[in-house]
Amino acid sequence: MDRFIKLLAESRHCVFLSGAGISTLSGIPDFRGNNGIYRKFDADRIFDIDYFHADPGYFYSHSKDLIYNVDEKEPNIIHYVLARLERMGFVKSVITQNIDLLHQKAGSKNVIEIHGSPKENTCLSCGKTFSYEQTASIVRADRVPECDECSGLIKPNITFFGEMLDREAIMKAVDESSRADLFVVTGSSLMVHPAASLPLYSIRNRGRLVIVNNRPTPLDQYANLRYDDLEVFFEYLESNFNDTK
Ligand SMILES: [Zn+2]
């Protein structure tokens, strides 16, 4: 671990990528892991754009407990340590595959959400936007949110299966990854694009790669350092970077 601290201290532009593995500590199911919601629900269907248009109630009845309950979820040590490292100037940005808003809740400012975000919700008919809170209050009353201007269907700005990725977020993620002289993968198995290719932008520019994940990734061979246990990794960082003194 001291080797990682040294890399972090030497780095000038450190970027973290976070995947579903970091949210499981907050009790949020990993969509593809052993305790993944695939075991309980059909995630392929919940987040499928054609299903959403055909039956939005199906999505909203499930998203009530998956997405629109952020008040009930608390960030964990990983989210807090990353926010602290950003505050202290060691981390420039967090690129995340997660849609649970927990990095923001923990205090991270520069968060790039490559699978979109429920913090904004858009009327599919007229384009009017609604906040997370506005939409959540309707969903939690077991109603499908409709636009107050035109009665159009409202959809969170999450990227569903069958939809184009958010171009602006991807461009920002690629730009940050290219600038990163230290790229740290946490809780992602790098199986899903675009996350899978982001570390390569850093490597191409001679960036160093560190991977912290409990399962193998396709880029392990390129990693300068490799750790399995996220909790141990972040507990060590927490004890070494303390800005409350
Ligand atoms: Zn509308």
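**Entry 1: aromatic pairs**

I began by looking up ring pairs, and the count comes to 14 aromatic pairs. The rule I used pairs rings of Phe, Tyr and Trp (its six-membered ring) if their centres lie within 6.5 Å; planes under 30 degrees apart count as stacked, over 60 as edge-to-face and the rest as tilted. I then picked out F59 and Y60, an edge-to-face pair at 4.9 Å centre to centre with 75° between the planes. Both F59 and Y60 are buried, where buried means under 20% relative accessible area, exposed over 50% and partly exposed in between (1.4 Å probe, protein chains only).

A note to myself on the source: this is a predicted model, in which local features need pLDDT of at least 70 and side-chain atom pairs count only at pLDDT 80 or more, while totals for chains, interfaces and linings use all residues. Residues are numbered from 1 along each chain as its sequence is written, and side-chain values use heavy atoms, with hydrogens and water left out.

**Entry 2: F59 and F160**

I stayed with F59, which also forms a tilted pair with F160, at 5.1 Å centre to centre and 50° between the planes. Which parts does this pair tie together? F59 lies in helix α4 (residues 56–66) and F160 in the loop between β6 (154–158) and α8 (167–179), so the pair links parts that are 101 residues apart in sequence. Helices (H or I, at least four residues) and strands (E, at least two) are DSSP runs, numbered from the N terminus. F59 has a relative accessible area of 1%, so I noted F59 as buried. F160 counts as buried too, at 2% relative accessibility.

I followed the ring pairs onward and found that they link F47, F52, F59, Y60, Y68, Y132 and F160 into a cluster.

**Entry 3: charges over rings**

Next I checked for a charge over a ring (NZ of Lys or CZ of Arg within 6 Å of the ring centre and within 35 degrees of the ring normal). R45 lies over the face of Y58, 4.0 Å from the ring centre. R204 sits over the face of Y201, at 5.3 Å from the ring centre.

**Entry 4: strand β7**

Is β7 (residues 182–186) mostly covered or uncovered? I found it mostly covered, with 5 of its 5 residues buried. L182, V184 and T186 point one way from β7, and F183 and V185 point the other way.

Then I looked up its partners (two strands pair if DSSP finds at least two bridges between them). Strand β1 (residues 14–18) runs parallel to β7, joined by 5 bridges, and F16 has V184 as its bridge partner in β7. Strand β8 (residues 208–212) also pairs with β7 in the parallel sense, over 5 bridges.
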